[in-house]
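Try each task before you read its solution.

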Number of protein chains: 2
Amino acid sequence: MASQKKKNAFYAQSGGVTAVINATACGVIETARNHRDRIGKVYAGNNGIIGALREELIDTSKESAATIAALRHTPSGAFGSCRYKLKSLEQNRAEYERLIEVFKAHNIGYFFYNGGGDSADTCLKVSQLSAKLGYPITAIHIPKTVDNDLPFTDTCPGFGSVAKYVAISTKEASLDVASMCESSTKVFILEVMGRHAGWIAAAGGLAASQAGEPPHIILFPEVAFDKARFLKRVDETVKKHGYCVIVASEGAQYADGRFIADAGSVDAFGHKQLGGVAPTLAAMIKGELGYKYHWALADYLQRAARHIASATDVEQAYAVGSAAVQFALDGKNATMVTIERGKGKQYRWSIGEAPLDKVANVEKKMPKSFITRDGFGITQACRDYLSPLIAGEDYPPYKQGIPQYAQLKKVLVAKKLPAFKLSK
Amino acid sequence: MASQKKKNAFYAQSGGVTAVINATACGVIETARNHRDRIGKVYAGNNGIIGALREELIDTSKESAATIAALRHTPSGAFGSCRYKLKSLEQNRAEYERLIEVFKAHNIGYFFYNGGGDSADTCLKVSQLSAKLGYPITAIHIPKTVDNDLPFTDTCPGFGSVAKYVAISTKEASLDVASMCESSTKVFILEVMGRHAGWIAAAGGLAASQAGEPPHIILFPEVAFDKARFLKRVDETVKKHGYCVIVASEGAQYADGRFIADAGSVDAFGHKQLGGVAPTLAAMIKGELGYKYHWALADYLQRAARHIASATDVEQAYAVGSAAVQFALDGKNATMVTIERGKGKQYRWSIGEAPLDKVANVEKKMPKSFITRDGFGITQACRDYLSPLIAGEDYPPYKQGIPQYAQLKKVLVAKKLPAFKLSK
């Protein structure tokens with residue numbers, strides 16, 4: 001019977017959301033809808049993989065074509081995401097078995113997992129275990145992370161847009177500081193995301209189009225922080241240009257691995273503060289050099305800023321979603337969709353793939369050749385890499401000055417199984 | 001002789017810059033260029049009024065029409081601004097006399113001062129003193145302030161764009177938090193500018209299109225902060241909606257006038273931190289309710305965000321600059337250009353004026369009717385007021401993903417006078 005051959009699909013968003021992860025969802029759902037002969041319904045996990053474990057499946061077929069299309073320009077995770085790392089098979093085999101049970105109960109034959117390194121690992125295990133348990137599932141991992149730290153793929157959807165936001169914000173704030181520095185703020189610090197890799201901080205460097213332009217200093221997690229050298233550079237910069245703009249990665253750290261943030265601020269209640277690189281550096285500068293400072297902490301604003309998303313990023317986010325469905329239909333399994341960069345000066349990209357067993361738990365840091373010898377800036381090679389990723393603007397529609405983002409009905413599929421208790 | 005009748009104009013930017021103050025400069029210069037028979041050159045103060053005192057006059061006639069046109073989409077103060085308040089006539093008459101001297105030396109007959117309340121006061125005094133000293137100058141004040149706290153004018157150019165930025169950022173970050181709250185951050189706080197008035201914080205309320213939508217709590221300087229009531233509301237909101245989004249004005253304060261920020265964070269060096277409302281509230285929430293939090297401090301990013309400027313704001317900023325020149329040509333003096341709102345549901349605005357002696361040193365706070373009875377939100381009347389001010393998008397041109405902002409040559413006019421020492 002056709003109905004046996006025709007399997008449903010499960011799609012889940014995992015980890016920190018981005019400005020374009022819903023464009024990937026859009027790519028998955030629209031492409032699946034174009035193959036109704038082979039893919040039944042697309043069920044989305046309510047709050048990611050937690051939704052699968054709890055059998056909370058959002059029936060995306062209840063959403064109109066217009067709503068699904070609007071996902072392309074909607075930031076955050078429209079179906080809900082989660083920070084929930086499945087334990088190893090040995091530690092909690094029951095969770096993996098539950099997933100298979102839920103998939104079986106709802107005739108799910110395709111598993112599309114949209115996330116970073118952790119979810120790649122989960123995706124691989126689901127694929128392995130399902131085969132063993134006699135209910136084989138096609139498991140495709142779709143990359144997503146603002147951190148840009150996944151291996152094999154040239155870039156990760158989500159990164160280009162946060163990079164664009166950081167580059168533009170750095171440029172705009174720098175103009176502000178430059179225009180006021182004669183009588184006001186001399187040092188401005190923008191703290192950006194990137195706990196383990198400096199890709200986002202590096203993007204701040206795109207604000208400069210020639211030598212001497214801000215940002216004057218970038219602090220990467222990959223370069224050991226040297227307080228004396230840093231303060232010397234700040235002082236020299238203020239003396240030369242009248243002001244100094246710094247982009248600091250939240251993961252910037254001393255040679256011994258201590259985060260600058262951890263050496264930093266304590267709030268009124270004695271708690272260490274989150275996002276403490278900028279205020280710590282500011283206090284350092286004020287204390288030792290006496291310069292008036294301001295700092296900004298973009299936090300979620302940077303990864304949610306769909307209003308200024310990179311058109312390249314949006315296209316790639318959609319494409320990896322669409323390709324994942326095509327991969328599944330082509331019989332691929334336990335693989336991650338990747339973006340491959342073409343050779344030559346003109347930026348070209350195409351879709352590729354990488355086997356999941358090689359992707360999981362590998363972190364891609366900034367290569368040395370991307371950081372200037374003094375450790376405070378990006379090289380031309382880095383600019384050449386980053387620049388195309390932020391190219392193009394993909395504006396959402398507006399009404400009365402506010403972007404109009406998709407609003408989903410989120411109709412849940414009727415449950416068929418007993419309740420399941422999450423491991424924590 | 002025609003050359004005697006034809007006077008030059010002086011234009012200066014004052015105080016904190018905005019996303020659209022250069023649009024005002026563009027309006028001044030382009031309109032003056034259309035009246036070459038009566039206005040000679042437009043000299044801009046290098047770093048604001050300091051430039052006049054130091055006789056550092058930027059000759060805007062050296063800038064191409066294309067560069068001047070590009071000012072319309074360029075944030076910050078292209079000629080430099082300053083925080084330099086002229087003392088009273090009694091305290092430092094020499095500074096006012098110096099201004100007149102410089103104006104005389106460079107045949108300047110028009111004084112266009114682009115700023116907030118302090119500069120309105122300076123503008124008035126320049127006009128009064130110049131008449132007394134026998135070198136009458138036409139002094140027109142052009143409003144500018146993100147704080148929206150000038151009297152008489154319906155709004156202040158600069159405010160609409162920061163309002164739009166805050167509304168959009170609140171909406172985007174809220175979607176992010178909503179999608180992750182099941183397993184991650186429950187409370188998000190966005191700290192915004194507005195030391196004395198809650199206009200900018202109020203704009204965050206535009207992110208919600210119906211009751212229950214974020215932001216769930218807005219903290220205004222106009223409403224005394226009550227810690228117990230605040231924490232109760234946060235807790236109720238998290239329990240009802242799963243998360244809570246707060247927009248907090250930097251000027252939010254206790255009933256006794258202490259800023260929340262001042263009760264707050266101390267950095268590693270024992271200094272009180274700037275911009276401390278968000279971390280102080282976050283620590284309070286973590287300490288008393290235990291919820292995981294994140295917070296953002298947009299700082300200069302909010303007032304420099306030309307990439308998402310309000311089209312209405314840009315138009316008004318240009319119009320007030322243009323009108324100032326027209327006012328001067330019409331023989332008006334010691335007046336401020338204002339924006340008047342038409343009656344009726346459909347938003348209409350026109351240019352008006354207010355005498356400077358009534359403008360100076362008056363601060364416009366949020367009216368009570370704009371704040372909900374519980375003190376945590378904005379009323380429909382407030383929405384009706386704010387909504388048209390953020391309407392429309394006026395995107396700058398881009399190249400390789402980065403906005404292309406004006407780059408000026410800033411050619412200084414040859415000095416004719418001895419040097420002058422600033423009062424501090």
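## Exercise 1: How the copies meet

Of the interface residues of chain A, 99% are also interface residues in chain B, so the two copies meet through the same surface. Keep in mind that this is a predicted model, with ipTM 0.96 and pTM 0.96. For chain A, the mean pLDDT is 94, and 96% of the residues reach 70 or more.

**Task.** Work out which rotation and shift superpose chain A on chain B, and which residue of chain A comes closest to the rotation axis.

## Exercise 2: An enclosed strand

**Task.** Decide how many residues of strand β5 (residues 138–143) of chain A are buried, and find which strands pair with β5(A).

**Solution.** Take the two faces in turn, since in a regular strand the side chains alternate between the two faces of the sheet. On one side of β5(A) are Thr138(A), Ile140(A) and Ile142(A), and on the other are Ala139(A), His141(A) and Pro143(A); all are buried. That makes six of the six residues, so β5(A) is largely enclosed by the rest of the structure.

Next, turn to the partners:

- Strand β4 (residues 108–115) of chain A runs parallel to β5(A) and is joined to it by six bridges. In this pairing Phe111(A) stands opposite Ala139(A).
- Strand β10 (residues 335–341) of chain A also pairs with β5(A) in the parallel sense, over two bridges. Here His141(A) stands opposite Met336(A).

## Exercise 3: Backbone exceptions

**Task.** Find where the cis peptide bond of chain A is that ends at Pro215(A), and say whether Asp299(A) is buried or exposed.

**Solution.** First, the rule: most residues other than glycine have a negative phi, and most peptide bonds are trans. The bond from Pro214(A) to Pro215(A) is cis, with omega near 5°. Pro215(A) lies in the loop between α8 (199–204) and β7 (217–219) of chain A. In chain B, a cis bond joins Pro214(B) and Pro215(B), with omega about 5°.

Now check phi. Asp299(A), not a glycine, has a positive phi near 45°, and sits in the loop between β9 (293–297) and α11 (300–304) of chain A. Asp299(A) counts as buried because it has 26 C-beta neighbours inside 10 Å, where 20 or more are needed. Ser76(B) has a positive phi of about 75° and is in the loop between α4 (65–71) and α5 (93–105) of chain B. With 28 C-beta neighbours inside 10 Å, Ser76(B) counts as buried too.

## Exercise 4: A helix residue and its contacts

**Task.** Find which residues Asp313(A) touches, not counting those up to four places away in sequence.

**Solution.** Locate Asp313(A) in helix α12 (residues 311–329) of chain A. Asp313(A) is buried, with 29 other C-beta atoms within 10 Å. Beyond its sequence neighbours, Asp313(A) touches Val20(A), Pro157(A), Gly160(A), Ser161(A) and Leu389(A).

Notes: Residues numbered from 1 in each chain as written. Chains lettered and ligands numbered in written order. Predicted model: local features only at pLDDT ≥ 70, side-chain atom pairs only at ≥ 80, totals over all residues. pLDDT = per-residue confidence, 0-100. Helix = DSSP H or I, 4+ residues; strand = E, 2+ residues; numbered from the N terminus. Buried ≥ 20, exposed ≤ 12 C-beta atoms within 10 Å, placed from the backbone. Pairing = 2+ DSSP bridges. Least-squares fit on C-alpha atoms with pLDDT ≥ 70 in both. Contact = placed C-beta atoms within 7 Å.
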